[in-house]
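Visitor: Hi, I've just opened this one and could use a hand finding my way around. Can you walk me through it?

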Amino acid sequence: CLSLLAMGLSWQSPVARALMEEERFTGLVIGSDYEDRTRHSDTMMVVSYSPKTRFLDVLSIPRDTMVSVPAMPAVKRLNEIFAYEFRHTGKDFTIASLSLKSEIETLLSTGSAQGFAIPYFFTIDYGGFRSLIDALGGVYVRVTEPMNYDDNWGHLHIHFEPGTYLLGGKQALEYVRFRGKSADQGRVRRQQIFVRELLKRLKNPALLWRLPQYTRTLLEGFHTNLSTWDLAVLLLEGRRVQWKNIRLMSLPGTPVGNLWKANLET
């Protein structure tokens, strides 16, 4: 039944046709927060999937990665690009996402003669993230150390003791936002763990029946250059990925004060 559905979607989706021809899919996932009266790219992950081998590579990019953008002299961190464009383009998610995508393409092309292209972007805000996790019925996560943080001004309170939890949307957002003693690097590792568990959850058969109930809320929190047909195809394909075939990586580099200096030569 799913194969027939996939064949039908292939007529509507260029992504489906590309996957059927075993072409690699590459996209940028952006998690957007709302602080200091504007949007920031709190989470940035480049995902690259090979339909031939069914391996999924996930490269996490620290939000504090150092950048130098001549058109934005005040911008020093990668996540500030999204905020700058969002603020100066009348809160346009697409322009902000494309600008960030372009800078990441430039960053990852360092030392490459051919360059690195990321055709697609998928931006999700906090509300959309919570709705997605609730639509999945929650995600199981194992907490290995106490996680405690209180920000009364930002209305953020995070408290987890070691143990295994089925996290709903609100708790899942707290988990992926937590920085802790290891700051942004620790958060990147937790986000990677969460992605792995999220993909496991996609295999739940009840998912296909639950998602339609959340369609409207989900669409309000997502911004992407992928069509609805493309997203449906990727959801079906994602259910075929085995957790052992997920390779999690972080952008190599070294800390420089509060920033992260990328080193792609290593």
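Visitor: Which element supplies the largest share of the lining of the largest cavity?
Guide: That would be α7, with four residues of the lining. Keep in mind that this is a predicted model. Both β2 (38-50) and α7 (183-201) supply at least two lining residues each.

Visitor: How much space lies in that largest cavity?
Guide: About 40 Å³. Of the 11 residues lining the largest cavity, Asp-42, Thr-43, Ile-61, Val-188 and Gln-191 are the closest to its centre.

Visitor: And how do the residues of the lining divide by type?
Guide: The lining of the largest cavity has four nonpolar, three polar and four charged residues.

Visitor: How many cavities of 30 Å³ or more does the count come to?
Guide: One.

Visitor: Let's stay with Gln-191. Which helix is it found in?
Guide: Gln-191 is in α7. The residue is buried, at 6% relative accessible area.

Visitor: What is Gln-191 in contact with, leaving aside neighbours within four places in sequence?
Guide: Thr-43, Met-45 and Val-176. Val-176 is itself a buried residue of helix α6.

Visitor: Okay, α6 then. Why is α6 described as largely enclosed by the rest of the structure?
Guide: Because seven of the nine residues in α6 (residues 169-177) are buried. They are Gly-169, Ala-172, Leu-173, Glu-174, Tyr-175, Val-176 and Arg-177.

Visitor: Now α5. Which of its residues are buried?
Guide: In α5, which covers residues 126-135, the buried ones are Tyr-126, Gly-128, Phe-129, Ser-131, Ile-133 and Ala-135.

Visitor: What caps the N-terminal end of α5?
Guide: Asp-125 does, with a side-chain oxygen 3.2 Å from the backbone nitrogen of Gly-127. After the helix comes Gly-137, which has a positive phi near 80°.

Visitor: Which residue other than glycine has a positive phi near 60°?
Guide: Arg-54. For background, most residues other than glycine have a negative phi. Arg-54 sits in the loop between β2 and β3 (55-60), and at 32% relative accessibility it is partly exposed. Lys-91 also has a positive phi, about 65°, without being a glycine.

Visitor: Where does Lys-91 lie?
Guide: Lys-91 is in the loop between α3 (79-88) and α4 (93-108).

Visitor: Is Lys-91 buried or exposed?
Guide: Exposed, with a relative accessible area of 56%.

Visitor: What does Phe-93 touch, not counting residues up to four places away in sequence?
Guide: Phe-93 touches Ser-32, Arg-39, Phe-82, Phe-86, Thr-123 and His-223.

Visitor: How far apart are the C-alpha atoms of His-40 and Phe-86?
Guide: They are separated by 8.4 Å, and the two residues are 46 apart along the chain. His-40 belongs to strand β2 and is buried, at 12% relative accessible area.

Visitor: Last topic, the chain overall. How many helices and strands does the chain have?
Guide: There are 10 helices and 12 strands. Of the 266 residues in the chain, 46% are buried.

Visitor: What does the accessible surface come to?
Guide: About 14400 Å², with 55% of that belonging to carbon and sulfur atoms.

Note on methods:
Residues numbered from 1 in each chain as written. Predicted model: local features only at pLDDT ≥ 70, side-chain atom pairs only at ≥ 80, totals over all residues. Heavy atoms only, no water. Buried < 20%, exposed > 50% of the residue type's maximum accessible area, 1.4 Å probe, protein only. Polar contact = N/O pair within 3.5 Å; in protein donor to acceptor, adjacent residues only side chain to side chain. 1 Å grid on protein atoms, 1.4 Å probe; cavity = no way out; pocket = protein on both sides within 12 Å on 5 of 7 lines; lining within 4 Å. Points joined across faces, edges and corners; volume = space filled by probe spheres on them. Nonpolar A, V, L, I, M, F, W, Y, C, P; charged D, E, K, R; others polar. Contact = heavy atoms within 4.5 Å. Areas by Shrake-Rupley, 256 points an atom, 1.4 Å probe, with all protein chains shown as cover.
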